[in-house]
Amino acid sequence: MQSTGRFTDDLRRLVARSYNICQCCSLTLPHEIAAYAGYTFDGTPIYVGQCCVDKIDELATHVYWWWEADKRCEPDTCLWRYMDFAKFVGLLEARALFFCRADLLGDGFEGAAGIAERRGTYDQFYLDFFRNAVRTAPGQTVPPPTEQVEHEAHRLLAEFTATGERDRKTSFVSCWHANTGESEALWRLYCPPSTVGVAIETTAQALVEAYGNDTKIKLGRVQYVDYRRSFAGIHDRIFWKRKSLSHEAEIRAVATQHGEQLDAGILIPVDVEKLCKSVIPSPFAPDWFVNVLSATIKRFEIDLDITQSELLAEPFF
Ligand SMILES: [Zn+2]
């Protein structure tokens, strides 16, 4: 079946949440068996395995789902964002979320393929892969001379490496912490005692709705990897981080923006009322802060719930 490459927003959403599950019969697809994304005869988006491929009337694309990490997160996943007061006012003022350019996020491993000491292994793999591709490219009557194979394979490797480096500068990220409740560690990190700040509580679904269901923004669970043993995936490196950061339990929204001008970040418009299920003033902030917070929100004519931090609950004995 010829693929048309036609993608509607609904099909994109379906693919993102399906991964290795046939959406027709709920079968878990066997590893290394491609899924089919497309439409039924009446235009309904559909994502199926070989098991139900006869339901497809128009094939949009094959999906080699195991090439990517499983980044799915349930729509009701609780997400948190801790920030100082200035950043929160910025959000209210702009009615937009700041997506930071990946190479400026402060983690040198953002978008990395692996650790430097294993670069040789990685490059060797791709060099062999490209050599083989050049050697066996269709339409050749005689195999190309070794010198040409080497030249082409090295050129392709250089291009591949440059793409990885460029992706760090064209990916923009909004980071969220997945947790069922507050984290004292994150309060101390982002709003240490005597400073003022807030946490925003939301859900994965509310976040997506707040930025208008834009399917060009990818929301996904960060994968924490031991780079001494593995490399990041080639298609979704921006969702991989070092295992030592796994306490962050991060879910991130990633937007891409190409072009000559490299901004430090981009503002993505959001419906703040949809985004914030509640706003929690820092438990370490002085008493007057709650009033200031409440007055500030009112001044922007936004209706938000302010909830007391669970860290302020009193014990009994
Ligand atoms: Zn099926």
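Of the 317 residues of the protein, 25% count as buried, a residue being buried if 20 or more other C-beta atoms, placed from the backbone, lie within 10 Å of its own, exposed if 12 or fewer do, and partly exposed in between. The model is a predicted one, in which local features need pLDDT of at least 70 and side-chain atom pairs count only at pLDDT 80 or more, whereas totals for chains, interfaces and linings use all residues. Residues are numbered from 1 along each chain as its sequence is written.

**Overall build**
- The C-alpha trace of the protein spans about 80 × 50 × 45 Å along its principal axes.
- The protein holds eight helices and 13 strands, which are DSSP runs numbered from the N terminus (helices H or I, at least four residues; strands E, at least two).
- Among contacts between residues at least 6 apart in sequence, 76% join residues at least 24 apart, a contact meaning that the two C-beta atoms, placed from the backbone, lie within 7 Å.

**Domains**
- The protein is divided into domain 1 (9-67), domain 2 (78-109 + 170-312) and domain 3 (116-168), with bounds that come from an automatic or database domain assignment.
- Taken over C-alpha atoms, the centres of domain 1 and domain 3 are separated by 31 Å.

**Strand E4 and its partners**
- Strand E4 (residues 78-84) pairs with strand E7 (residues 197-203) in the antiparallel sense over seven bridges, where pairing requires that DSSP finds at least two bridges between the strands.
- Within this pair, Cys78 has Thr203 in E7 as its bridge partner.
- E4 also runs antiparallel to strand E6 (residues 171-178), to which two bridges join it, and Trp80 stands opposite His177 in E6.
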